[in-house]
Amino acid sequence: MGEKKGQAVSADALEDDFEWDTSLVASDTEEEQAQEQDNSTVKAGEKRPATKTQKNKNKKRKKAIREDPFSHINAIFKESIETQVDYIHDRQRSALKLSTIEQEEQAIPAEQILDNAKFVDEEHMLTSLPNYIKFGLASHKQLSKPPVAKASPIALVLTHAAMRAADLARVLKPLTDKSKVAKLFAKHFKMEEQIEFLERTPVHVGVGTPNRILALIEQGHLKLDKLELVVVDTERNAKRFDIFSNDAVRIDFYNLLRTHILPGMREKKTRLGLF
């Protein structure tokens, strides 16, 4: 996935023939030439002093590492419910720049978080996802029956990128004999195709990225009135960012959580699990 410097990009934004305006971006060659010109003014054997920009970047990087209370955690889904909630809220506060009062208003109820310690197959493997969904659904026997309601899944799986969503949808094939799975991401799927699918096909499970799912909900094509479970995939990308901290998706994710998922959690209709 390409990223424009200094600008957060949606996980879905780059999927449909997107091209950057390269005239606005300095080439690597131009940057190297500028660097060489700067270095030429430094005498041999001397260490080139860091620029103001470099100092600021280093300072911010050190500050971020120093102040992150979760930097030692490699797999948040294995932590206690209390730690998971604190982690979600910490990343939420960072993404949305919330005040203490705003944070309290948007806090998720800990009692609606799945206790992963009770999940027998607790390894973070793709093939475990079908069983994890069954584990999280109080009415998991519904999955063995054909769905009736159109565009109203009982479970949603959220992840940070379309490619990852495709992998997750693929491993849900054991559920697809009678349980329909909606692929709600941009890779190879235009929004019009997904709208048509949801209008004619009853589904039990939806898999996708926050941006596409949020758009479908806000346009009235996806309903959450029957939603019982939200599974949040905690896989990290190549830069070690997960869905809670990845600039490309975290704002859409937290807006989706606050606006459309949190109300069901507070009413004890919906539970959330970190996978």
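The protein has 9 helices and 5 strands, where helices (H or I, at least four residues) and strands (E, at least two) are DSSP runs numbered from the N terminus. This is a predicted model, in which local features need pLDDT of at least 70, side-chain atom pairs count only at pLDDT 80 or more, and totals for chains, interfaces and linings use all residues. Residues are numbered from 1 along each chain as its sequence is written, and side-chain values use heavy atoms, with hydrogens and water left out.

**Exercise 1: the overall picture**

Work out the order of the elements, the share of buried residues and the share of contacts made by residues 24 or more positions apart.

Next, take burial. A residue is buried under 20% relative accessible area, exposed over 50% and partly exposed in between (1.4 Å probe, protein chains only). Of the 275 residues, 42% are buried.

Finally, turn to contacts, meaning heavy atoms within 4.5 Å. Among contacts with a separation of 6 or more, 71% come from residues 24 or more positions apart.

**Exercise 2: aromatic pairs**

Classify the pair Phe70 and Tyr87, then the pair Phe244 and Tyr254, and place each on the chain.

Solution. A pair of aromatic rings is described by the distance of the centres and the angle of the planes. Rings of Phe, Tyr and Trp (its six-membered ring) pair if their centres lie within 6.5 Å; planes under 30 degrees apart count as stacked, over 60 as edge-to-face and the rest as tilted. The count by this rule is 10 aromatic pairs.

Step one: Phe70 and Tyr87 sit 5.3 Å apart, centre to centre, with 85° between the planes, which makes the pair edge-to-face. This pair links distant parts of the chain, with Phe70 in the loop between helix H2 (52-67) and helix H3 (81-96) and Tyr87 in H3, 17 residues apart. Both Phe70 and Tyr87 are buried.

Step two: for Phe244 and Tyr254 the centres are 6.4 Å apart and the planes 45°, so the pair is tilted. Here too distant parts of the chain are linked: Phe244 lies in the loop between strand E4 (229-232) and helix H9 (250-266), and Tyr254 in H9, 10 residues apart. Phe244 and Tyr254 are both buried.

Phe70, Tyr87, Phe244, Phe253 and Tyr254 form one aromatic cluster.

**Exercise 3: helix H9 and the loop before it**

Find the kink in H9, list what its buried residues pack against, and describe Asn246.

Solution. Look at His260, where H9 has a kink of about 45°, shortly before the proline Pro263; the bend at a residue is the angle between axes fitted to the seven residues ending there and the seven starting there.

The buried residues of H9 include Phe253, Tyr254, Leu256, Leu257 and Ile261. The buried residues of H9 pack against H3, helix H4 (100-105), strand E1 (155-158), helix H8 (210-218), E4 and strand E5 (271-274). Just after H9, Lys268 has a positive phi of about 65°.

Asn246 belongs to the loop between E4 and H9. With a relative accessible area of 7%, Asn246 is buried. Apart from neighbours within four places in sequence, Asn246 touches His160, Asn237 and Phe241.
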